[in-house]
Amino acid sequence: MAVPPCALFGAGHVGGRGDVPGPARLGSAQRSMADAASQVLLGSGLTALSQPLMYVKVLVQVGYEPLPPTLGRNMFGRQVYQLPGLFAYAKHIMKIDGRAGLFKGLTPRLCSGAIGTIVHSQVLQRYQEADQEEEPGPSLKEPLSSLEQVIKETSREMVARSAATLVTHPFHVITLRCMVQFIGRETKYSGIFSPFVTIYREEGILGFFAGLVPRLLGDVLSLWLCNMLAYLINTYALENGVSTMSEMKSYSQAVTGFFASMLTYPFVLVSNLMAINNCGLAGGLPPYAPNYSSWLDCWSQLLKEGNMSRGNSLFFRKVPAGKLYVWEEKRFR
């Protein structure tokens, strides 16, 4: 499920107060379902459009580099050897599998996005219903300060995202493995239901949650970092500060979201590598990846190699150290 790091859904109540008649509550539930359905449709469209980019990014994260570097110029005009960018990489995939090959793993990814959106929406709706039941009449509580409101909304968003991530992670694992099959030309995780049977038979229940811990940690850290940074900017850096969640989103969401995603990217990389590590695919075995004992071991080795940002950029890519690449293997042979 792709949700902007700074998004704070459910900032306002859906529907009326707790003492409204039943039909009004029913209408509120129907509106909530309609909103969720529209989010699913929109998210599915964006997912399909971004699938080629996601596909290339995952292969780069694994360390699969089938094309040799070329002499080019970096952002500062200096001549350096660079690895092929997004378009050259995508062209290589199309040359082998055709245009349809760029959409491998799309089906489980669409399922993940749809289910995640529904779970996320339902969790926030439960919070809103609980608020309505607690305040059937005029509230005697003091209004929350802006910081308390940010903490409250961020905490709820954290729970909603974590629930969605937990439920959809098996689809995420299958998506990654479907993509990585390109490296060894396997078909082990093809189909709709057979990947579930394969993972359960070979790895048990835990196989569906490979890489879950760093993914959850990255999501939580990104969310809190983004929202608290946005709060500080809007409160102390801008002239009038902010008083509502919508104003905070409009001021700082893009900037703080960018920095939060950059800082927490290593968690994304480690999570994806652990999801495919030692799963029987060529992309999860040496020379592409050693057999990591844990996600901390994966983190430590990437840090030693200087590859913690591998795959973060698909343009101006310098040659990373510490790995044996496909073109090098061919040269040695």
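The model is predicted, so local features need pLDDT of at least 70 and side-chain atom pairs count only at pLDDT 80 or more, while totals for chains, interfaces and linings use all residues. Residues are numbered from 1 along each chain as its sequence is written, and side-chain values use heavy atoms, with hydrogens and water left out. The chain has 333 residues, of which 43% are buried, and its secondary structure comes to 10 helices and three strands.

**Overall fold**

- Helices (H or I, at least four residues) and strands (E, at least two) are DSSP runs, numbered from the N terminus.
- The order of elements from the N terminus is α-β-β-α-α-α-α-α-α-α-α-β-α.
- Of the contacts (heavy atoms within 4.5 Å) with a separation of 6 or more, 76% are between residues 24 or more positions apart.

**Surface and burial**

- Accessible areas come from the Shrake-Rupley method with a 1.4 Å probe; for residues, only the protein chains shown count as cover.
- The chain exposes about 17,600 Å², and carbon and sulfur atoms supply 64% of that area.
- Buried means under 20% relative accessible area, exposed means over 50%, and partly exposed lies in between (1.4 Å probe, protein chains only).

**Cysteines**

- A disulfide is a covalent bond between the sulfur atoms of two cysteines.
- The structure holds zero disulfides, where a disulfide is counted as a pair of cysteine sulfur atoms within 2.5 Å.
- Cys 111 has 32% relative accessibility and therefore counts as partly exposed.
- Cys 279 has 3% relative accessibility and therefore counts as buried.

**Met 54**

- Met 54 is found in helix α1, which spans residues 22–62.
- Met 54 has a relative accessible area of 17%, so this residue is buried.
- Leaving out residues up to four places away in sequence, Met 54 touches Arg 109, Leu 176 and Met 179.
- Met 54 and Met 179 are 125 residues apart in sequence, and their C-alpha atoms are 9.3 Å apart in space.

**Residues with positive phi**

- Most residues other than glycine have a negative phi.
- Arg 185 is not a glycine, yet has a positive phi of about 60°.
- Arg 185 sits in the loop between α4 (146–184) and α5 (194–203), and at 45% relative accessibility counts as partly exposed.
- Asn 278, also a residue other than glycine, has a positive phi near 55°.
- Asn 278 lies in the loop between α8 (265–276) and α9 (295–305), and at 46% relative accessibility counts as partly exposed.

**Helix packing**

- Two packed helices are described by the angle between their axes and the distance between the axes.
- Axes are lines fitted to C-alpha atoms, for helices over the stretch in contact, and angles run from 0 to 180 degrees between N-to-C directions.
- Angles under 35 degrees count as roughly parallel, over 145 as roughly antiparallel, 65 to 115 as roughly perpendicular and the rest as oblique.
- α8 and α9 pack at an angle of about 120° with their axes 10 Å apart, which means that α8 is oblique to α9.
- The contact involves, among others, Pro 266, Phe 267 and Leu 269 of α8 and Trp 295, Cys 298 and Trp 299 of α9.
- Helix α3 (residues 106–134) and α4 pack at an angle of about 155° with their axes 8 Å apart, so α3 is roughly antiparallel to α4.
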